[in-house]
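Dear colleague,

I am handing over the structure we spoke about, and below it you will find my notes on what turned up in it. Please read them with the coordinates open beside you.

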Amino acid sequence: QEHLAESGGGSVQAGGSLVLSCEASGVTYFASCIGWFRQPPGKEREGVAAILPDSNITFYAASVNGRFTISQDNAQNTVYLQMNSLKPEDTARYFCAATRYGCAARHGGPVPDVFTYWGQGNQVTVSS
């Protein structure tokens, strides 16, 4: 059964780092793209980063490029998001998601529309 579960969120001061983990049970064998998304309070969900599991190709939203790194551990069926130099505007609920349909980019990050498997999300709060 397909299941995605995020962990590793929390509170940190500006300039700090956090690592988010996404345990992607039952999806990694067919997923063509796995992505991280975030939704700040009162705003739309936006794509942060994505990875193509077969090729290890990655891409990032312009707002996080150079600060965030997405990676995968195939043996653990886990995708990570390393977040460095965090800013207050990174505060949001972060979600991981998977799709078998491939993914497109908008403003550098993945477009959420084609992702059909979603985790429950994990809160990240960055204080100034």
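**Thr78 and its surroundings**

Leaving aside residues up to four places away in sequence, Thr78 touches Ser21, Cys22, Glu23, Ser71, Gln72 and Asp73. Please bear in mind throughout that this is a predicted model. Thr78 itself sits in strand E8, and its relative accessibility of 11% means that it counts as buried. Its side chain also reaches the backbone oxygen of Gln76, at 2.8 Å.

**The sheet**

Strand E8 belongs to an open sheet of four strands, which follow one another in the order E1-E3-E8-E7 with antiparallel pairing. Strand E1 (3-7) and strand E7 (68-73) stand at the edges with a single partner strand each, so that one side of each is left without a neighbour in the sheet. On average, and with direction ignored, neighbouring strands here are turned by 15° against each other. Between E1 and strand E3 (residues 18-25), which run antiparallel, there are five bridges, and Glu6 has Cys22 in E3 as its bridge partner.

**The disulfides**

Cys22, which is among the contacts of Thr78, is also part of one of the two disulfides counted. It is bonded to Cys96, with the sulfur atoms 2.1 Å apart, and the link of Cys22 and Cys96 is right-handed, with 65° about the S-S bond. Because Cys22 lies in strand E3 and Cys96 in strand E9, the pair ties together parts that are 74 residues apart in sequence. Cys22 counts as buried at 0% relative accessibility, and Cys96 likewise counts as buried at 0%.

The other disulfide joins Cys33 and Cys103, whose sulfur atoms are 2.0 Å apart; this link is right-handed as well, with 80° about the S-S bond. Here too distant parts of the chain are linked, since Cys33 is in strand E4 and Cys103 in the loop between E9 and strand E10 (105-106), 70 residues apart. Cys33 counts as buried at 0% relative accessibility, whereas Cys103, at 22%, counts as partly exposed. With bonded cysteines counted along the chain, the disulfides follow the pattern 1-3, 2-4.

**The salt bridges**

Which residues are linked in a network of salt bridges? They are Arg38, Glu46, Arg67 and Asp90, and a search of the whole structure finds three salt bridges. The side chain of Arg38 meets that of Glu46 at 2.6 Å, N to O, and it also meets that of Asp90, at 2.8 Å, N to O.

Glu46, by contrast, counts as partly exposed at 31% relative accessibility.

Note on methods. Residues numbered from 1 in each chain as written. Heavy atoms only, no water. Pairing = 2+ DSSP bridges. Helix = DSSP H or I, 4+ residues; strand = E, 2+ residues; numbered from the N terminus. Axes fitted to C-alpha atoms, helices over the stretch in contact; angles between N-to-C directions. Salt bridge = Lys/Arg side-chain N within 4 Å of Asp/Glu carboxyl O. Buried < 20%, exposed > 50% of the residue type's maximum accessible area, 1.4 Å probe, protein only. Polar contact = N/O pair within 3.5 Å; in protein donor to acceptor, adjacent residues only side chain to side chain. Contact = heavy atoms within 4.5 Å. Disulfide = S-S within 2.5 Å.
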